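Visitor: I am new to this structure and would like a close look at a single part. Please take me through the place where the two chains meet.

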Amino acid sequence: MADAILEVSNLSKRFGAVAASDSLTFAVERGGIHALIGPNGAGKSTAIGQFTGEINPDSGRVVFDGHDITHIETYKRAQLGLQRSYQITSLFPEFTAEDNVAMAVQSRQGHSFCFWTPARTDKTLRDPARAVLQRVGMADKADLKVTELAHGEQRQLELAVALASEPSMLLLDEPMAGMGQSESLRMMEILRTLKGDISILLVEHDMDVVFALADVISVLVKGAVLMTGSPNEVRQNRDVRLAYLGDE
Amino acid sequence: METDVVLNSMKRFMSRKAIVHLLGLLIMLTLPFVAHVIDDPFLVTIASRILIYALAAVSLDLILGYCGMVSFGHGAFFGLGAYVVGILIHHAYGETAITFLPGDWMGSFSAIVQWPLAVAIAGFFALLIGALSLRTAGVYFIMITLAFAQMLYYFMISLPTYGGEDGLNLWERSQIPTLDLYDEIQFYYLSLVILLVFLGLSYRVVNSRFGMVLRGCKQNEARMKSLGFPVYRYKLIAFTIAGMGAGLAGALIANHTEFVGPGLMHWTRSGEIMVMVILGGMGTLAGPILGAATLLLMEEVLSNMTEHWMVFLGPFLVFVVLFARRGIYGWLVGKDAKDG
Amino acid sequence: MTLALFLEQTLNALQQGVMLFLMAAGLTLVFGIMHLINLAHGSLYMVGAYVAATVTQASGNFAIGVLAAMGAAGLAGMILELFALRRLYNRDHLDQVLATFGVILTANELTKIIWGPQALFLSPPDILSSTLEVIPGTPYPAYRLFIIAVGLLVGLGLRYLIVRTRLGMLIRAGATHREIVGAMGVNIDRLFTIVFGIGAMLAGLAGAMAGPMLAIEVGMGESILILMFVVIIIGGIGSVRGALVGALLVGLVDTYGRAFLPFTLRSFMEPSAADSIGASFSSVAIYVLMAVVLIWRPRGLFQAYGN
């Protein structure tokens with residue numbers, strides 16, 4: 001695909017006897033929201049882990065924005081513009097919400113070999129951080145410590161931190177996990193606003209969310225892609241319905 | 001009555017933290033006068049020792065408390081700094097040339113030559129050891145830093161030229177123009193100034209962008225990498241800076257005790273310094289000072305009471321670990337002790 | 001340098017390796033299964049040595065002394081585990097290191113209080129005091145051969161325990177799937193105490209066996225503690241097989257280093273320099289070995305069970 005930002009070819013990973021990724025092949029187009037769905041144990045998180053470099057594939061290739069990133073270190077991929085958010089919230093628990101986002105901003109701005117100027121009062125870090133918090137609707141919680149935030153707010157912060165690095169692609173691993181109805185709707189709105197600027201690969205269990213947001217859906221079963229298509233195509237595909245959607 | 005009013009208005013202007021800091025500073029500045037008044041000059045000597053170990057402890061806290069690096073090798077840099085000074089004094093005193101260096105350099109009595117060299121060499125080894133050790137993590141990191149410290153320890157023991165196991169007695173202290181390091185009070189204030197300057201620099205460092213990276217690594221290193229930080233680089237620099245601080249403390253201890261020995265590098269020495277950091281309060285800058293003071297004073301007081309005072313230190317340590325995690329500083333200052 | 005000398009040093013290396021294995025096996029099990037760094041393991045070794053010396057002298061029988069040492073160490077270990085170490089399982093390594101460091105200090109002082117500060121001595125039993133000519137022309141101390149035999153027996157015994165018994169299966173499972181084992185109705189707490197006890201007994205055995213060869217004194221645990229950690233780090237934490245390989249490697253490097261390095265250096269250096277450099281390098285050799293292994297394999301040579 002000419003316009004693909006992420007191309008995955010024959011990615012394979014075994015854990016003992018289990019093939020978590022089995023010759024996984026698919027591509028994500030620039031600018032849209034591409035959903036990755038599949039039953040539990042299908043290998044979605046393993047796939048994401050291999051895209052970010054946190055898991056080392058046994059074989060296959062991952063090409064991001066024209067670069068072969070299959071075996072390069074995680075931080076280098078982030079510097080190339082690939083960011084992820086985590087299914088199990090992964091923040092800096094002793095920092096405030098704004099500190100967390102500022103950390104991402106700081107990374108974006110280049111090296112941190114600055115030993116003198118206090119970082120917490122540095123406007124070039126705090127202003128962009130606050131702007132991102134505003135964007136996800138958390139500006140009023142900026143000075144709360146992560147431990148003082150509710151679960152849903154932590155999930156919002158999780159997204160904010162990933163956003164603040166100004167990535168060209170976001171890998172979102174169940175961003176709405178554990179969120180209530182209204183929080184989820186708010187998150188969906190935010191994701192919609194990102195379309196076009198940022199390419200998104202969205203791993204999600206909630207089918208309503210998937211069908212509402214996604215331009216393209218890939219269905220993952222037993223570590224391999226069963227099919228890729230528009231939401232309608234996926235909804236009507238018999239194999240998918242048998243393997244995953246049940247009797248919907 | 002009036003003291004209440006003063007205290008209350010003080011509380012409005014100053015937090016508990018500021019009061020603790022102010023009191024601490026006051027005590028440190030006036031200690032020699034107090035010692036003079038109660039006619040106990042030994043107080044100044046032990047206070048100097050506390051300041052020197054406090055410096056070593058603060059430097060360890062930079063990597064332990066702020067970055068989560070449990071290094072059992074810190075004693076190595078402490079000892080290296082001491083040995084640099086020791087060797088230079090030894091050769092200068094004996095007017096013998098240093099054989100393993102090119103040329104005929106006969107050492108130096110001048111602190112202006114010795115101490116920066118001590119810092120530089122400690123820093124160099126910290127860079128080397130850190131570069132290798134930071135490739136591991138967790139308990140492996142603990143062990144490999146310990147191993148390197150032990151390597152240096154055994155190396156110094158087997159060098160007969162510099163005393164081997166018995167160490168080296170130093171027959172002269174370092175010389176600084178206009179100061180007399182044999183004067184306990186001058187030595188005390190010099191150590192205090194050095195500690196305060198190091199504290200000041202550390203304060204800037206831990207609050208800078210660099211410091212934020214370290215703190216981020218302590219809380220969630222995986223996320224730091226995920227955000228694009230080349231974590232190894234930052235940890236290595238922090239490790240090197242910490243080593244330099246320990247080296248400076250080593251230079252001071254060599255002068256203070258007029259002796260250098262391999263024991264300074266033993267892993268149990270690293271353990272003692274670590275205890276000071278934890279006891280005082282990890283991840284704070286003032287904590288290690290309190291920890292050093294507490295441990296050394298306990299040693300002093302208890303060893304006068306019974307030769308088996310260690311029996312008490314053991315359970316005390318276990319107690320602190322299990323129940324008093326924030327350390328003494330945390331207990332004094334309360335919630336504001338750590339700022340994340 | 002003759003073949004006989006080389007073989008003799010190899011036997012020495014085996015003996016040292018086997019001793020280290022006795023210590024390291026317990027330590028690696030505890031570390032691998034309970035994720036506990038126990039610096040006080042050396043203290044159990046010390047207890048073994050002290051009790052062996054005292055009981056052997058009182059009873060006149062070395063075998064009884066060794067058994068008593070194992071019992072005392074095992075008991076001490078289980079009491080320690082029940083009352084202090086159990087709380088440390090979920091703590092981070094730093095806490096464990098500090099707390100067990102505190103235990104060392106206490107154990108050392110208590111030992112001084114009970115037995116006094118001077119060193120104790122223990123002679124091997126008469127039947128083992130002689131030499132055997134296992135290498136033609138070179139008499140070799142029978143006691144050291146005895147140690148090698150005991151060590152290999154223990155190794156086989158441990159392997160049997162871990163691979164073929166129910167307890168062993170629980171140990172292997174408990175290493176990686178604590179909750180599942182718990183859910184199976186097994187009392188995890190009791191399992192941990194038993195594992196700790198086994199490790200403690202082995203340490204006590206090692207201490208008792210080391211007694212005749214070293215000075216039995218306070219702090220003897222610490223000098224060997226580091227070596228033990230080096231062994232299990234090289235071998236891979238949690239792997240008994242790794243502990244054996246690591247122990248043998250360390251034994252070889254240390255023994256050969258001390259025996260042959262000064263000698264080899266003499267061939268291209270003057271004798272006094274060769275000797276002093278050789279001595280200093282050989283004491284460093286083990287640490288260099290560990291550093292090299294870690295840089296090549298950051299998690300040690302073998303994986304723990306189940307990984």
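Visitor: How many residues does the contact take from chain A, and how many from chain B?

Guide: The model is a predicted one. In it, chain A brings 36 residues to the contact and chain B brings 29 residues. Together the two chains bury about 3000 Å² between them, and carbon and sulfur atoms account for 58% of that area.

Next come the polar links. Between chain A and chain B there are 21 residue pairs in polar contact, counting pairs in which both residues have pLDDT 80 or more. The elements of chain A that each give at least two residues to the side touching chain B are helix H2 (74-80), strand E6 (82-85), helix H3 (97-108), helix H4 (123-135) and helix H5 (151-164). Sorted by class, that side of chain A holds 18 nonpolar, 13 polar and 5 charged residues. Salt bridges across the interface of chain A and chain B number 2. In one salt bridge, the side chain of Arg209(B) meets that of Asp122(A), with 3.0 Å from N to O.

Chain A also has a contact within itself. Chain A is divided into domain 1 (1-81 + 168-248) and domain 2 (89-166), and the centres of these domains, taken over C-alpha atoms, are 26 Å apart. Here 18 residues of domain 1 of chain A are in contact with 11 residues of domain 2 of chain A. The area buried between domain 1 and domain 2 of chain A is about 1100 Å², with 63% from carbon and sulfur atoms. The count of salt bridges between these two domains of chain A is 0, while 3 residue pairs are in polar contact, both residues at pLDDT 80 or more. On the domain 1 side, strand E7 (169-173) and helix H6 (181-194) of chain A are the elements that give two or more residues. H6(A) has the largest share of that side, 7 residues. The domain 1 side divides into 10 nonpolar, 3 polar and 5 charged residues.

A word on confidence in the partner chain. Chain B has an average pLDDT of 88, and 96% of its residues score at least 70. Among the elements of chain B, the lowest mean pLDDT, 68, belongs to helix H1 (residues 2-13), and the highest, 96, to helix H9 (residues 231-257). Where pLDDT is low, predicted coordinates should not be read in detail.

Notes
Residues numbered from 1 in each chain as written. Chains lettered and ligands numbered in written order. Heavy atoms only, no water. Domains from an automatic or database assignment. Contact = heavy atoms within 4.5 Å. Buried area = accessible area lost by both parts, 1.4 Å probe. Salt bridge = Lys/Arg side-chain N within 4 Å of Asp/Glu carboxyl O. Polar contact = N/O pair within 3.5 Å; in protein donor to acceptor, adjacent residues only side chain to side chain. Helix = DSSP H or I, 4+ residues; strand = E, 2+ residues; numbered from the N terminus. Nonpolar A, V, L, I, M, F, W, Y, C, P; charged D, E, K, R; others polar. pLDDT = per-residue confidence, 0-100.
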